[in-house]
Amino acid sequence: MSRLIPHPGLSALLVIVWMVMVNDLTFGTLFLGLVIGIVVPLFTDAYWPERPPIRFAAGTAYVGLVVWDIIVANFEVAAIILFKPNHKLQPAWLAIPLELESPEAITVFAGTISLTPGTVSADVSACGTYLLVHALHAPDPAGEIARTKARYEARLKRIFA
Amino acid sequence: MIGSVSLPELLASALIVLGASFALIGSWGLVRLPSLMERLHGPTKASTLGLGAMLVGSIIFFQLVKGEWTTHELLVSLFLFVTAPIAANMIAKVHLHRLRLGEQSGPAGPPAAPRDGSEWATYKAPEEGAPGWFPDE
């Protein structure tokens, strides 16, 4: 099992993406998708030396939370763009201290910050323990850092535990 | 034809108009915000909800109005969600260099160092033991 399918998650993702891409719900498509889902991870196995353990249930809940936040925060940014004059805008750099350690978890955290409107992650520190984030409007940078850490990082710590 | 508009058609139209409005607001943000880092917020966001709403409208139209099976839209949004933060990150990193060189400025100024004796990875190679650090061959 583990010899033939070294990365079950990647295999499942490839089958689903293939089905969606071909846009066709037939047995032939599924068969070709399964072939791709088994062969591609086998041939690329050498490039995936480590696999971070992921809790899929918590990960799915996290995706739902992020999608909801994207919708809510889009309206907030739209309101800022439409109604807040430049001289009232308070953009700020936030240095978020990281408790996450694995590169995968930090990448997901940075991606989440960029996707949720109002913040864009710009850089990570050379020591790998701070994330540089630009906030469009942050009158209270410390509060913004605490909110981001509590809402996303705490959940990611549990997912990548 | 006003009396014969079906509910899915109405829903699809509303979603497409909503998406287009967000795309327009995002573009307006690109024009009016003060410097590059602030301008980066407009388009990266408009693409998330603006495009998302348009794609959901497209799914509703083809599935319920035309009766055709379609899932391409989900893939478009998946690829967008994966690539948009990376594009924004690359633009931000170039801008960080230009901020430090004084070629550009913004209301937030250049970022302060994360802590004493350390530096952001755009300005300095990863330190020993940090993610992204590899021993010399």
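This is a predicted model: local features need pLDDT of at least 70, side-chain atom pairs count only at pLDDT 80 or more; totals for chains, interfaces and linings use all residues.
The annotated segments come next. For chain A, an unreviewed UniProt entry gives the annotation "transmembrane region" to residues 12-40 and 60-83. In the model, residues 60-83 of chain A are 100% helix and 0% strand, and the C-alpha atoms at the ends of this span are 35 Å apart. Residues 12-40 of chain A, by comparison, are 86% helix and 0% strand, and here the end C-alpha atoms lie 11 Å apart. For chain B, UniProt lists residues 12-31, 43-62 and 74-92 under "transmembrane region", again in an unreviewed entry. Residues 12-31 of chain B are 100% helix and 0% strand, with 29 Å between the end C-alpha atoms, and residues 74-92 of chain B are likewise 100% helix and 0% strand, with 28 Å between the end C-alpha atoms.

How do the two chains meet? Between them, 38 residues of chain A are in contact with 45 residues of chain B. On the side of chain A that touches chain B, at least two residues are supplied by each of α1 (8-22), α3 (56-83), β1 (92-97), α4, β2 (119-124) and β3 (130-135). The largest share of that side, 7 residues, comes from α3 of chain A.

One part of this meeting can be followed helix by helix. Two packed helices are described by the angle between their axes and the distance between the axes. Helix α4 of chain A, residues 103-115, packs against helix α3 of chain B, residues 72-101, at an angle of about 85°, and their axes are 9 Å apart. Angles from 65 to 115 degrees count as roughly perpendicular, and α4 of chain A and α3 of chain B are therefore roughly perpendicular to each other. The residues that meet here are A:A110, A:G111, A:S114 and A:L115 from α4 of chain A, and B:F81, B:A84, B:P85, B:A88 and B:N89 from α3 of chain B.

The nonpolar interior gives another view of the model. In soluble globular proteins, nonpolar side chains tend to be buried together. The largest nonpolar core here has 50 residues, and those with the most contacts inside it are A:F109, A:L131, A:V133 and A:L156. The largest share of this core, 8 residues, comes from helix α2 of chain B, residues 36-65. As for A:V133, leaving out residues up to four places away in sequence, its contacts are A:L94, A:I96, A:I113, A:T119, A:V120, A:S121 and A:A122.

B:L51, which lies in helix α2 of chain B, counts as buried because 20 C-beta neighbours lie inside 10 Å. Not counting residues up to four places away in sequence, B:L51 touches B:G19, B:S77 and B:L80. B:L51 and B:E73 are 22 residues apart in sequence, while their C-alpha atoms are 9.8 Å apart in space.

Helix α3 of chain B holds B:L74 and also B:L75. B:L74 counts as partly exposed because it has 16 C-beta neighbours inside 10 Å, and B:L75 counts as partly exposed because it has 15. The C-alpha atoms of B:L74 and B:L55 are 7.6 Å apart in space, although these residues are 19 apart in sequence. B:L75, for its part, touches A:V17, A:V20 and A:M21 of the other chain, once residues up to four places away in sequence are left out.

Is B:E103 buried or exposed? With 9 other C-beta atoms within 10 Å, B:E103 is exposed. B:E103 and B:G52 are 51 residues apart along the chain, and their C-alpha atoms are separated by 36 Å.

Methods. Residues are numbered from 1 along each chain as its sequence is written. Chains are lettered from A and ligands numbered from 1 in the order in which they are written. A nonpolar core is a set of buried Ala, Val, Leu, Ile, Met, Phe, Trp, Tyr and Cys residues joined through C-beta atoms within 7 Å. A residue is buried if 20 or more other C-beta atoms lie within 10 Å of its own, exposed if 12 or fewer, and partly exposed in between; C-beta atoms are placed from the backbone. Helices (H or I, at least four residues) and strands (E, at least two) are DSSP runs, numbered from the N terminus. Two residues are in contact if their C-beta atoms, placed from the backbone, lie within 7 Å. UniProt positions are given in the numbering used here, feature names are shortened, and annotations may be inferred rather than shown by experiment. Axes are lines fitted to C-alpha atoms, for helices over the stretch in contact, and angles run from 0 to 180 degrees between N-to-C directions. Angles under 35 degrees count as roughly parallel, over 145 as roughly antiparallel, 65 to 115 as roughly perpendicular and the rest as oblique.
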